[in-house]
Every structure is written in structure tokens, then in C-alpha cells.
Amino acid sequence: MDKLNLRKEWELRITDFKASGQTQTKWCADHELNIHQFRYWLRKFNPSELNKARVSSNSNWLSIDDIDDQTGTGNSLSVKVAGVTIEVKPGYDPMLFLDVVMKLKSLC
């Protein structure tokens, strides 16, 4: 593919991404594109857009509302996200916790 056609293809991709409302990571995963290559082209079309997108996509922090010892078996951690509370106790299954967090991330 020559440079002109490559540039046109990426212009269409960037336009599609902006209209999608998705994060860069999600959009690239859905379109099977490398996130670093995507950001390279995004920067070529609009250098300031990359920094804005990084801030918005990487600023979704979760708050830890409280750490308590309600069970008597040791510390537990309650994480509240969008009205959902996840209680993590000693001996928890890390893979299950990761699955739950990833599912919540995809829904939020």
C-alpha cells in the first residue's frame, strides 16, 4: 500500500474512532489494531488529541471507600463501583477478583 492510501485508511479509522465514543484501547481491540500504531496516527492528524485522549482514558480511578474488619477473620476490603460493592477478604481468589473487575471495567 502506498503512503497516500495508507494515510487515507488511517484518516477513516481515526474518524470512525472519534465517532464511536469508545476508549482508544477498546476501539483498537474491537478492530484488531495495535494501540501504539493507532496513537502514532492519531498524533500525526492532531498532536493535541493524543494527550486529551490519554487523560480521559487513563483517569478512571476507583475509590476505596473503606477498609474494615467486620468478619473477625482479618482485614477485608470493600470496593464500591457504580452502586456495586465488592468485598475482598483474606484468602480471596485473585483470578475471580480480576474477572469481576474486568467485567465491571467493560460495563462502565
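The following exercises, each with a worked solution, concern a predicted model.

**Exercise 1. Salt bridges**

Determine how many salt bridges the whole structure contains, and identify the residues that form them.

*Solution.* 

Step 1. The general principle is that side chains of opposite charge can pair when their charged atoms come close. The cut-off applied here is a side-chain nitrogen of Lys or Arg within 4 Å of a carboxyl oxygen of Asp or Glu.

Step 2. In one, Glu 9 is paired with Arg 13, and the closest N and O atoms lie 2.3 Å apart. In the other, Lys 26 is paired with Asp 30, with 3.0 Å between the closest N and O atoms.

Step 3. Consider the positions along the chain. Glu 9 and Arg 13 are 4 residues apart in helix 1 (residues 3-20), so about one helical turn separates them. Lys 26 and Asp 30 are likewise 4 residues apart, in helix 2 (residues 24-30), and about one helical turn separates them. In an α-helix there are 3.6 residues a turn, so residues three or four places apart point the same way.

Step 4. Consider the accessibility of each partner. Glu 9 is partly exposed at 24% relative accessible area, and Arg 13 is partly exposed at 23%. Lys 26 is partly exposed with a value of 42%, and Asp 30 is also partly exposed at 42%.

**Exercise 2. The two sides of helix 1**

Describe the length of helix 1, and state which of its residues are buried and where they lie around the axis.

*Solution.* 

Step 1. Helix 1 consists of 18 residues and spans 26 Å from its first C-alpha to its last, close to the expected 26 Å.

Step 2. A residue counts as buried under 20% relative accessible area. In helix 1, the buried residues are Trp 10, Ile 14 and Phe 17. These residues cover an arc of only 60° around the axis, and therefore lie on the same side of helix 1.

Step 3. The buried residues of helix 1 pack against helix 2 and helix 3 (35-45). On the face turned away from the buried side are the exposed residues Leu 4, Leu 12, Thr 15 and Ala 19.

Step 4. After helix 1 comes Gly 21, with a positive phi near 80°.

**Exercise 3. A nonpolar patch**

Identify the residues that make the nonpolar surface patch, and classify Leu 98 by its accessibility.

*Solution.* 

Step 1. Met 95, Leu 98 and Met 102 make a nonpolar surface patch of about 300 Å².

Step 2. Leu 98 belongs to helix 5 (residues 94-107). With a relative accessible area of 41%, Leu 98 is partly exposed.

Terms used: Residues numbered from 1 in each chain as written. Predicted model: local features only at pLDDT ≥ 70, side-chain atom pairs only at ≥ 80, totals over all residues. Heavy atoms only, no water. Buried < 20%, exposed > 50% of the residue type's maximum accessible area, 1.4 Å probe, protein only. Patch = residues over 30% accessible without salt bridge, like charges linked within 9 Å, V, L, I, M, F, W, Y side chains within 5 Å. Areas by Shrake-Rupley, 256 points an atom, 1.4 Å probe, with all protein chains shown as cover. Expected span 1.5 Å × (residues − 1). Arc of directions from axis to C-beta. Contact = heavy atoms within 4.5 Å.
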